[in-house]
Amino acid sequence: MNNKIFKGLYLGLAASAMIGFTACEDEPDKYEISGGTPTIHYIRPVDKASADSLLTGAYMENGICIVGENLRSITKMLFNDQEAQLIPSLITDNTMIVTVPGQIPGVVYNKIFMINNANDTTTYDFNVLVPGPTINNMSNEWAKAGEQATIYGNYFVDDPNTPLSLTISGKKIDIEEFTMSTITFTVPEGLSEGPIEVTSVYGKKKARFNYHDTRGMLFNDWGTGDAGDASTGLTNHGWHNQQILSDENSLDGSYLMLGDVDLDDGAWQDGAVSFEYWPGDWNGGFSGTDIRLSDLVSFANFENMALKFEVNIPSSNPWTNLSMQCIFSGDAQVTLPTANNTFFNGTDYPRGLWTPWNATGSYDTGGKWVTVTIPIANFKYKNDGTPASVPLDASNFTGLTLFVWSGVTSGTTCHPIIRIDNVRAVEI
């Protein structure tokens, strides 16, 4: 690469970089730019245990250690056409620790460009490796045909020779819009439950979740028998019979509705915002639809699982106060014959707290269904949000309580409507 070309190209940028590195006269120990030209002998991992391994390339956002001479003469460094951040405290004459930029190169030279104090450019052969796509979640895993949905992740890269592609249940899906971290599409007719895969020029990734995912299902037809083969038949089974509705707002047949009542900081409105499934029958038996949740789903690996469900909150009735207590319980805490609230009311029993309004002061989904994911590893709080001292164990998964109460109480009085469907526990 012609040094004169890069000298002119980066002249202005290099001058501004020098200003940031200039030492003050009254700080004799502060980092100073040196003269001369930098030389790279080799590049190795930052970890000293791997110091004998030499690198010819590294993934974006990975740290590397450059070994050479006169490295303090560098005022600006680019990997291909992406600028790296230089941290003076990590630079000596002979070593430099730097992080490979996290932006995908616009032009791939497979080189590092180093600009020195004299605005001269030195190059070194080095490959920036781009990861394959990652898939984090989907706006609504149960989106209906004709509805628009978005997949969230990273490294969704399009290439003229290998275009970005999306398949669901083995069917290629038309991508309408995409960014580096989102893919938006309209669900086609006749799409069945199945895996989601994204392919880019850098590789293929299969999501850990399925479209229309029925795995780990706990509650979906809410006892009405309208969810087809995925039906579990479970519904209200505790102190309260919350509303089970099937109407124009339905996602998949019937759904659970919580709310339609005022909630403020001191609210205890269990009659309207507490759903309980406590196993057993009033005679102490376990049969029919009075089963334990752990009979439906294995929680042996619960630390790597999440509670998932779809939620729909209309903009006319946003949620602005209190947390949703998501509480798995075992027979030792509560069954229908031993019905009580001592395991979640003012005790150290761990649970997850879902407070989506806390970031902005208000939360609604605009009347659309969206998928919520709460890792069970985060079920570690008392009702007030302080850490619980006793962790969950595998025996704590026979029942479930969802109760909007306590938690974050710095919100404003609200009258929310919270629709819930397809409650499931899945590996993540």
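**Cysteines, strands and a patch**

Analyst: Cys65 counts as buried, at 3% relative accessibility. Buried means under 20% relative accessible area, exposed over 50%, and partly exposed in between, with a 1.4 Å probe and protein chains only. This is a predicted model, where local features need pLDDT of at least 70 and side-chain atom pairs count only at pLDDT 80 or more, while totals for chains, interfaces and linings use all residues. Residues are numbered from 1 along each chain as its sequence is written, and side-chain values use heavy atoms, with hydrogens and water left out.

User: How many disulfides does the count come to?

Analyst: Zero, with a disulfide taken as a pair of cysteine sulfur atoms within 2.5 Å. Cys414 is in no disulfide, and the nearest cysteine sulfur, that of Cys326, is 16 Å away.

User: And is Cys414 buried or exposed?

Analyst: Buried, with a relative accessibility of 6%.

User: Strands next. How many residues of β22 are buried?

Analyst: Eight of the eight, residues 305-312, so strand β22 is largely enclosed by the rest of the structure. Strands (E, at least two residues) and helices (H or I, at least four) are DSSP runs, numbered from the N terminus.

User: Which residues sit on which side of β22?

Analyst: One side has Met305, Leu307, Phe309 and Val311, the other has Ala306, Lys308, Glu310 and Asn312, and all are buried.

User: Which strands does β22 pair with?

Analyst: β22 pairs with β27 (residues 417-427), antiparallel, over seven bridges. β22 also runs antiparallel to β25 (residues 370-375), joined by six bridges. Two strands pair if DSSP finds at least two bridges between them.

User: Switching to the surface: which residues form the nonpolar patch?

Analyst: Val46, Ile87, Leu90 and Ile97, with about 260 Å² of accessible area together. Accessible areas come from the Shrake-Rupley method with a 1.4 Å probe, and for residues only the protein chains shown count as cover. Patch residues have over 30% relative accessible area and no salt bridge; like charges are joined within 9 Å and nonpolar side chains (Val, Leu, Ile, Met, Phe, Trp, Tyr) within 5 Å. A salt bridge is a side-chain nitrogen of Lys or Arg within 4 Å of a carboxyl oxygen of Asp or Glu.

User: Where is Val46?

Analyst: In the loop between β1 (39-45) and β2 (57-59). Val46 is partly exposed, at 34% relative accessible area.
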